[in-house]
Each structure stands twice: as structure tokens, then as C-alpha cells.
Protein chains: 2
Amino acid sequence: MGEFGLIERLSRIIGSPSKSVVLGIGDDAAVVQSPNSKAQIPNKFQISKSKFKTKEKLLLITTDTLVENVHFKLHGIPRELKALGEKALAVNISDIAAMGGLPTFAVVTIGAPQNYSVKALEHLYQGMLSLCKEYNIQIVGGDTVASPRALLISLTLLGEVEKECLLTRSGAKVGDAIAVTGSFGGNAAAKFDFRRYKIKPCLKAARALAKTGWVTSLIDSSDGLVRSVLEICKASKVGARIWQAEVPRSPRANLTQALYGGEEYELVFTVPGKKVDQLKSEAGKLTGCHIQIIGEVVPRSMGLRLVNRQGKRIIPRQAGYEHFR
Amino acid sequence: MGEFGLIERLSRIIGSPSKSVVLGIGDDAAVVQSPNSKAQIPNKFQISKSKFKTKEKLLLITTDTLVENVHFKLHGIPRELKALGEKALAVNISDIAAMGGLPTFAVVTIGAPQNYSVKALEHLYQGMLSLCKEYNIQIVGGDTVASPRALLISLTLLGEVEKECLLTRSGAKVGDAIAVTGSFGGNAAAKFDFRRYKIKPCLKAARALAKTGWVTSLIDSSDGLVRSVLEICKASKVGARIWQAEVPRSPRANLTQALYGGEEYELVFTVPGKKVDQLKSEAGKLTGCHIQIIGEVVPRSMGLRLVNRQGKRIIPRQAGYEHFR
């Protein structure tokens, strides 16, 4: 049934969260009330900024696991474990960034086959620590276990976000423009060899966007650009048109890689149409990266479609889209 | 070099934590400042209750991973996956309890070989959810990944604790009595078959003890009774005498199983000698369980020793104790 179906099924078993959970399973990170919170959070989550008058912060929680020969392959090259450590943390930082937040504390679990040396595990840690330093994250705990065959790294990252900066997948409105940072397909073109990945989470850009107050929804592009737009559509109950000629492609990437490649950590977001000019003129300075408008939000009944240069609609490939239309 | 040596080595790589980290790697759970905290936390952690005048809460983070054929074996029996789910959450609840705190939110990662059915994973979740209900915990996220051979469950559990209730391993003083809840060796006697485990974390008892203000140090007994006392000794820079005749044994457990068995979630703690009478008379009512004094805290130079009925000192077996003396 695939990862997405399983998550939905398990979510149903878990049932409705309590009032202290602002947003449970289903976004890039969970959002919960922090221990010292005084504000009342509405039971049903709504992006109603006016309800959050205090400078109160919410707690963010995300977790991601990488398994050898499933998510990465090792080649016995010295630098690769450091690169793997970087990637393991980067995917989690990207999840926190996609909520408009800042990462704070991490716990790290490493499952290592018996033939792994302590030196090898230290390399993994060094990769994580270089990103920790850059993004001001503290590793505060973890667990090291034996793993029968494959190396695995499981990270849980906490973060915090001011209530007025919280961004989710669910606020896109008909008429909004769909925008992205950076370019797409590069990691797919590099055949997902993580040693050649661009693994720089767009934390600075996401924070800058969150502070503008313009952004209506935000997600990272880890599952591919089209999939990311689809997730915004599902959460926001809208449709979308992606103008495929406007999708920024990485140097060696073809269109399929740019649209569906994934394993990238760019930002995909929506802003009201009337903010587009301001976004175009100020975004570079605000976020430090190139921002491109790649499409528009349309009514849900119109589904998710790609539009080519001739204006002809193309139904996106990949399973799952049929259910949506 | 073993798990404990590895943790120490990796802790050194991670380096000194920032001010927002009250207690990093090395206790049952990490303790950090929560997002809305206003109080200044001293850089070097000290149990100085007077510095914490507000009713402010700290955030607790713990993580534990169970790997098939390393931490548990499966026998293809229907109820066992539910029991495994219970155990996976229970070990983490016990870590939060050992800090004097209350568990709040969990994220769950399951790594499953391809032949696992969704039904099997649902049983795992049902085990976790039965404990979630009992202990008022919300599962707010997770990750489900393919695992090449073994089933694995990795849980990160958050908790919160009022600053004045925080208990660590490091406050034991010479002259304190060493006390325990429950009895020991039962799970070792059951040959670590988790379907027959007692997996009831002592959350109620730990909270009651934390609120008395008497307890100087607390740890759970997951690594075995003697090991737990040793960890208190190391963290508190003291020695200990364990009166082995006073150690409460589970029905079928022999002395070795009771002293070294582990995989149990009782509480091991210290209280000042002058509080012992009050503890004995009030503890049952406060904590709902039997409390037994099993030894005393002595100067560090005297090391950790077991004392038998004849008053003869026995050096505890197992590696690691030599380094301590």
C-alpha cells in the first residue's frame, strides 16, 4: 500500500489528538504546545493569527530514519560516512524549516552491524556536528544499538516556532501563486549518490518567508516537486496548475527528474496573487536565494495538472494522482 | 568497547552543550529549556532549588530502540507484537519517570522487513496505544521504513518536569540510604521473554517521590540493580554499600538475577538518612508500592561493594567495576 497509505491507516488507529496537539501526523513536523505555554490553542487547528497575540512559541517535532541499501548505499570511501551524517540531519532540519521554525535539539540513534568501527561512527557524528554548528543545534542524547545487517540512522529533531510564524501545508487559497526556491532534479540526475547531493536545507529562506506573513502554505520538496504540490493541494483542499516550462531545472536534470526526482530540500510554497510582485522584488534580498513562480492554485474540482508550453494540460504520472482527481 | 564506553566517546566528540541544555547525554533523559522559558538556567547544572523560583517546567527528551534478535525474539504468536509495542513505549516512559517527570508526546519509527503485514504493524501500534491511554501520551508522528532483515522500533518520548521536581543521578550524598521499589530478577528469571515481562513503568511512584523533595538521586533499574547503583555513584562521586540480603527478589529469581538481571523498570534512589523513617511510614501510601532500603551511600574512596549476611564484603562481578574502584 506504500508509505503514504500506511501512514494514513496508522493515523486512524492513533485517533484524534488532544488539545495540546496543534498538528499531529501529516505535515513535515508535528506541532505541540510547549510545556510553559499559557495560551489556549483551538482544538481544531486554524491559521488564525489573531488568536495568538502573545509572542508564544510552539514546539516542533520531526523524525526521519535512513537505512542502508534502502535510502543510501555505501562504497567504502572515507568521506562518505561524514556526508551521510550530514544528510541524516539535513532532512530533519528541512522538515523544521518547512514549518517556519528553528531547529533546537536532536537525539540520534545509530544501528550498526558488528563490523563497524568506533572510528566509522565518529565520522557519522562529525558530519552531523558540522551541520549542528552551522544551524545551532544541540545533540542531547541518543542510543547506539546493534543492527543485524544494515547501517541505520534515526534522528528526532525538535524545533520551535513563534505562533505567528507557523506555516503548514493547509493554507493555500484559490488564486495564490505557487513558488519554489532553487532548482530541481539535481539529486536525481546525480543518481541519488548522496556524496554528490546538495544537502543544504533552506532554513534561512524559510524563516525569512515565515516572517513576511505573506506565505499561505509551505512544504519541502523531499518527495519530489509534483508530489509536494499535491500534498499542499490535499491539505488545503484546492487544485493546482504547474507551468512546467517555469520549473527551474538543475544543470544536468531532465524534466522528469525535475518534476518527480525528489530527495531535494527546496521550498515549495504559496502566496496570494497580489503579493507576487513584492515577492519577486524582495525575495532575493530576504531569503538569499532565487525564487520562481511555477504555477497557480485553482479550485479543487480542477485537480492537479501540468501545463506545457502550448497550454495543453498533461495529467501527472505516478500513482496516487488518480485518487485525487 | 561496549555501549557505555561508546556513549562516553561520542559525548566527547559532541562537546559541551550550550546554556539551554540543563543536562545532556548521560542521564535517563536529556533535560533542556523549553521554548517559552524565561528563567536563566545556570551553565553548569546544579541542584539548587532556590534558583528556580517560578513554577517553570523543563523539557525532557529520551529515545530507545529495540532491534529483533538483539533486544527481543519473535515466535510468531499473535499477542507478541502487541506486547512488544507495550515494551517499546514502557522503557521510554521509565526514562521520563526516572527524571521525576511526566511523559507527553512520542514519535515512533518502525523498521519492518518486507514480509510484515500492515496488520502486524497495527498490532505493534495497539500495544503502544494501550500504554499511551494509561499514561496520557500522544503519538504525534513517526516514520515507517523498510528494514533489510530485522524488525526494529525506535521511540523518542518527550516529557516535562517542574524544575523543583527534577531528579537526576548526581545528587546522592554520603550518609544517604539507598532505596528501591518493587522486586528484582523477575525478568531475568523469565529468560527475558518479553511476553512474560512485567513492563509497568513506575511513573506514579516516581512522581510521588519527586514531589516529597526528599529524594537526592533517582535512576531506573533497566541495566540491572548493581549497575544502576554504580551509575548513581559515578554521577554523584560517591561510593555505596549494598546489603545483599535486603535486596527484594522476585518469586523465581536467584540472587545473581536480582543483582545483575536488568531489563526491569523499578526505581533505585537515595534519600537522606534522617528521612528514612518517614519514607518507610509514608512511602506505601504516597507511591502505591513497596519500598525497601537496600544499602547506604559511603565516601567515593570506599568504592561500590556488596555486603553479605556475615558482613563480609564481596566485590561485584561484571566488567567496569574495576575502573571505578
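Biologist: How many helices and strands are there in chain A?

Modeller: This is a predicted model in which local features need pLDDT of at least 70 and side-chain atom pairs count only at pLDDT 80 or more, while totals for chains, interfaces and linings use all residues. Residues are numbered from 1 along each chain as its sequence is written, chains are lettered from A and ligands numbered from 1 in the order in which they are written, and side-chain values use heavy atoms, with hydrogens and water left out. Helices (H or I, at least four residues) and strands (E, at least two) are DSSP runs numbered from the N terminus, and for chain A they come to 9 helices and 13 strands.

Biologist: What percentage of the residues of chain A count as buried?

Modeller: A residue is called buried under 20% relative accessible area, exposed over 50%, and partly exposed in between, using a 1.4 Å probe and protein chains only. Of the 325 residues of chain A, the share that counts as buried is 60%.

Biologist: Among contacts in chain A between residues at least 6 apart in sequence, what share joins residues at least 24 apart?

Modeller: Contact here means heavy atoms within 4.5 Å. Among the contacts of chain A between residues at least 6 apart in sequence, those that join residues at least 24 apart make up 83%.

Biologist: By what turn can chain B be laid on chain A?

Modeller: The copies are superposed by least squares on the C-alpha atoms of residues with pLDDT of at least 70 in both. Chain B can then be laid on chain A with an RMSD of 0.0 Å and a shift of 0.0 Å along the axis, by a turn of 180°. The two copies are thus related as by a two-fold rotation axis, and the C-alpha of chain B nearest to that axis, 2.9 Å from it, is that of B:Asn36. The turn asked for is 180°.

Biologist: Which residues does B:Ser34 touch, not counting residues up to four places away in sequence?

Modeller: B:Ser34 is found in the loop between strand S2 (30–33) and strand S3 (57–67) of chain B, and at 3% relative accessibility it counts as buried. Interface residues of chain B are, to 100%, also interface residues in chain A, so the copies meet through the same surface. Leaving out residues up to four places away in sequence, B:Ser34 touches B:Lys57 and B:Leu59 together with A:Ser34, A:Pro35 and A:Asn36.

Biologist: How many salt bridges are there over all chains?

Modeller: Side chains of opposite charge can pair when their charged atoms come close. A salt bridge is counted when a side-chain nitrogen of Lys or Arg lies within 4 Å of a carboxyl oxygen of Asp or Glu. A search of the whole structure for such pairs, over all chains, gives 23.

Biologist: With which residue does A:Glu160 form a salt bridge?

Modeller: A:Glu160 is in strand S6 (residues 152–162) of chain A, and its partner is in strand S3 (residues 57–67), 103 residues apart. The closest N and O atoms are 3.0 Å apart, and the partner is A:Lys57.

Biologist: Is B:Lys87, which forms a salt bridge with B:Glu263, buried or exposed?

Modeller: In this salt bridge the closest N and O atoms are 2.6 Å apart. B:Glu263 lies in the loop between helix H7 (255–260) and strand S10 (267–271) of chain B and B:Lys87 in helix H2 (residues 80–97), so the pair ties together parts that are 176 residues apart in sequence. B:Glu263 is partly exposed, with a relative accessible area of 24%, whereas B:Lys87, at 1% relative accessibility, counts as buried.

Biologist: Which side chain of opposite charge is nearest to B:Arg241?

Modeller: B:Arg241 is found in strand S9 (residues 239–243) of chain B, and a polar atom of its side chain lies 3.4 Å from the backbone oxygen of B:Met302. Lys and Arg count as positive and Asp and Glu as negative, while His and the chain ends are not counted. B:Arg241 is buried yet has no salt bridge, and the nearest side chain of opposite charge, 6.1 Å away, is that of B:Glu296.

Biologist: Which cysteine sulfur is nearest to that of A:Cys132?

Modeller: A disulfide is a pair of cysteine sulfur atoms within 2.5 Å, and the structure holds 0 disulfides over all chains. A:Cys132 is in no disulfide, and the nearest cysteine sulfur, 18 Å away, is that of A:Cys202.

Terms used
A polar contact is a pair of N or O atoms within 3.5 Å; within protein, one must be able to donate a hydrogen and the other to accept it, and residues adjacent in sequence count only if both atoms are side-chain atoms.
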